[in-house]
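Thank you all for coming; I would like to take a few minutes to walk through one structure with you, going from charged side chains to rings and then to the core. Please have the sequence and the model in view as we go.

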Amino acid sequence: MSETPSEHRLAENEAIFRRINEQVQAGYDETNKLAREDNQPEFKVPDVSATTPLQFYCECADESCAKRLAISLQDYQEIHQNRKRFVVVPGHEVLSVETVVSELPAYTIVEKNVLPPEEPEAMHPTSIGNS
């Protein structure tokens, strides 16, 4: 079964949102690293346990979605061990391109039917709203 350009774009959108969430995590780590290196504890982000919920962006296919969901860093990392899996706000699933793996009150885990692109160069450069 070949995917249509719109299905491919939906997969790209989810990969882009996952990249944003990975940057949120990296920013948290970098902020704490710099605070330690500069001996400025007042700039350190308070320690968060692996089970403390953090606010991540919904990784749905809608490029205009800006909803957040609370998920622990541990759970977020565990879900993304499978690169075909994404975490979305309940109701943001697109069943034509993904399968629901798990439904929880705060978020839904979906798995893409095709592997989303990982390299930015492989992604379509225009907006989904282009006509």
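Predicted model: local features only at pLDDT ≥ 70, side-chain atom pairs only at ≥ 80, totals over all residues.

Let me start with Arg-85, which has a relative accessible area of 27% and is therefore partly exposed, where buried means under 20% relative accessible area, exposed means over 50%, and partly exposed is what lies in between, computed with a 1.4 Å probe on protein chains only. Residues are numbered from 1 along each chain as its sequence is written, and side-chain values use heavy atoms, with hydrogens and water left out.

Which residue forms a salt bridge with Arg-85? The partner is Glu-111, and the closest N and O atoms are 2.8 Å apart; a salt bridge here is a side-chain nitrogen of Lys or Arg within 4 Å of a carboxyl oxygen of Asp or Glu. This pair links distant parts of the chain, since Arg-85 is in strand S3 (residues 85-88) and Glu-111 is in strand S5 (residues 108-112), 26 residues apart. Helices (H or I, at least four residues) and strands (E, at least two) are DSSP runs, numbered from the N terminus.

By this rule there are three salt bridges. Another one joins the side chains of Lys-112 and Glu-98, at 3.4 Å from N to O, and because Lys-112 lies in strand S5 and Glu-98 in strand S4 (residues 98-103), the pair ties together parts that are 14 residues apart in sequence. Are these two residues buried or exposed? Lys-112 is buried, with a relative accessible area of 2%, and Glu-98 also counts as buried, at 2%. The side chain of Glu-98 has a further contact, reaching the backbone nitrogen of Val-94 at 2.6 Å.

The remaining bridge is between Lys-33 and Glu-37, with the closest N and O atoms 3.6 Å apart, and both residues lie in helix H1 (residues 5-37), four residues apart, which is about one turn of the helix. Lys-33 counts as partly exposed at 36% relative accessibility, whereas Glu-37 is exposed, with a relative accessible area of 52%.

Let us turn to the rings. How many aromatic pairs does a search of the whole structure find? The search finds one. Phe-56 and Tyr-76 form this pair, which is stacked, at 4.2 Å centre to centre and 0° between the planes; rings of Phe, Tyr and Trp (its six-membered ring) pair if their centres lie within 6.5 Å, and planes under 30 degrees apart count as stacked, over 60 as edge-to-face and the rest as tilted. Phe-56 is in strand S1 (residues 53-57) and Tyr-76 is in helix H2 (residues 73-79), 20 residues apart. Phe-56 counts as buried at 1% relative accessibility, and Tyr-76 counts as buried at 2%.

Finally, Phe-56 brings us to the largest nonpolar core, whose 16 residues include Phe-56, Cys-58, Leu-69, Ile-71, Val-87 and Tyr-107 as those that touch the most other members. A nonpolar core is a set of buried Ala, Val, Leu, Ile, Met, Phe, Trp, Tyr and Cys residues joined through side-chain atoms within 4.5 Å. The elements giving two or more residues to this core are strand S2 (68-72), H2, S3 and S5.

Technical notes:
Polar contact = N/O pair within 3.5 Å; in protein donor to acceptor, adjacent residues only side chain to side chain.
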